[in-house]
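Let's take a walk through this protein together, one piece at a time.

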Amino acid sequence: QMTVAVNGIAHIQLTVNTPELCIPFWEKLCHFLEMKTLVKNADTVYCIGSRTGIMVVGVPEGKDKRSFDQYSVGLHHLCFRARSEQDVDEIYQFVIEELKPKIIHTPELGGWAQGYYSFLFEDPDGIRVEFNFVPGKGHFGDSGRLGPQGDGPASDYSGRGFDA
């Protein structure tokens, strides 16, 4: 059977309780990431560029406003892929100086893949956002889990790495 490789994710839409806080937060972040505003009103901002799109929309009238819970059905977090560790560090500096969010962890090496470097923070409604960099081909590299000499798919992830 034929397969198709997609070209990434075209856009992500986030629904927020406090558009008055989240729209400026996300628009400022998107502009720093070389994205441009395509749509903006009191309840919506949609920015495109850098091979992606982010739309932020306030909870529609008549719908219940609930706190974001990353362990409920739906979005857990979103992660942007940076081109270098230096880019991760520069984005982190912008985020802490300009957006002043709740930081979950500062830039650090993690266990998702060899050389995985990332930081994690929350938007004003608590939606978690990560920026990462993985050198080379990551899990698809020669010694990566899914590379020619790799161990193949893991059965578990412990936070320190993947287990058989």
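Which residues of H1 are buried? They are Pro19, Cys22, Ile23, Phe25, Trp26, Glu27, Leu29 and Cys30. Before going on, keep in mind that you're looking at a predicted model. Helix H1 itself covers residues 19-32, which makes 14 residues. From its first C-alpha to its last it reaches 19 Å, close to the 20 Å expected at 1.5 Å a residue. After H1 comes Glu34, which has a positive phi, near 65 degrees.

So what does the helix sit against? To see that, look for an open sheet of four strands, in the order S5-S8-S7-S6, with mixed pairing. Strand S5 (78-81) and strand S6 (102-109) are the edge strands: each has a single partner strand, so one side of each has no neighbour in the sheet. Going from one strand to the next, the twist averages 15 degrees. H1 packs on this sheet and touches S5, S7 and S8, with its direction at about 155 degrees to that of S7. There's another helix to find here, too: H2 (residues 85-99) lies across S6, S7 and S8 and runs at about 20 degrees to S7.

Now zoom in on two of those strands. S7 (residues 117-122) and S8 (residues 128-133) run antiparallel and are joined by six bridges. Glu122 stands opposite Arg128 in S8. The side chains of Glu122 and Arg128 also meet in a salt bridge, at 3.0 Å from N to O. Are these two buried or exposed? Both Glu122 and Arg128 are buried.

The whole structure holds eight aromatic pairs. Take Phe25 and Phe121: their ring centres are 6.3 Å apart and their planes are at 50 degrees, so this pair counts as tilted. Phe25 belongs to helix H1 and Phe121 to strand S7, so to speak, distant parts of the chain, 96 residues apart. Both of these residues, Phe25 and Phe121, are buried. Phe32 and Phe94 make another pair, with centres 4.0 Å apart and planes at 5 degrees, so they are stacked. Since Phe32 is in helix H1 and Phe94 in helix H2, this pair ties together parts that are 62 residues apart in sequence. Phe94 counts as buried at 12% relative accessibility, whereas Phe32, at 35%, counts as partly exposed. Ring pairs also link a whole cluster: Phe25, Trp26, Phe80, Tyr92, Phe119, Phe121 and Phe131.

Let's move to another set of strands. Strand S4 (residues 52-58) has six of its seven residues buried, so it is largely enclosed by the rest of the structure. S4 pairs with strand S1 (residues 12-16) in the parallel sense, over five bridges. Ile12 has Ile54 in S4 as its bridge partner. S4 also pairs with strand S3 (residues 44-49), this time in the antiparallel sense, over six bridges. Here Ile48 stands opposite Gly53 in S4. S3 and S4 form a hairpin with two residues between them, and Ser50 in the turn has a positive phi of about 50 degrees.

Last stop: charges. Side chains of opposite charge can pair when their charged atoms come close. Lys40 counts as exposed at 52% relative accessibility, while Glu27 is buried, with a relative accessible area of 11%. Then there's Lys28 with Glu98, where the closest N and O atoms are 3.3 Å apart. Lys28 is in helix H1 and Glu98 in helix H2, so the pair ties together parts that are 70 residues apart in sequence. Lys28 is partly exposed at 37% relative accessibility, and Glu98 is partly exposed as well, at 40%.

Technical notes: Residues numbered from 1 in each chain as written. Predicted model: local features only at pLDDT ≥ 70, side-chain atom pairs only at ≥ 80, totals over all residues. Heavy atoms only, no water. Expected span 1.5 Å × (residues − 1). Buried < 20%, exposed > 50% of the residue type's maximum accessible area, 1.4 Å probe, protein only. Pairing = 2+ DSSP bridges. Axes fitted to C-alpha atoms, helices over the stretch in contact; angles between N-to-C directions. Contact = heavy atoms within 4.5 Å. Phe/Tyr/Trp six-rings, centres within 6.5 Å; stacked < 30°, edge-to-face > 60°. Salt bridge = Lys/Arg side-chain N within 4 Å of Asp/Glu carboxyl O.
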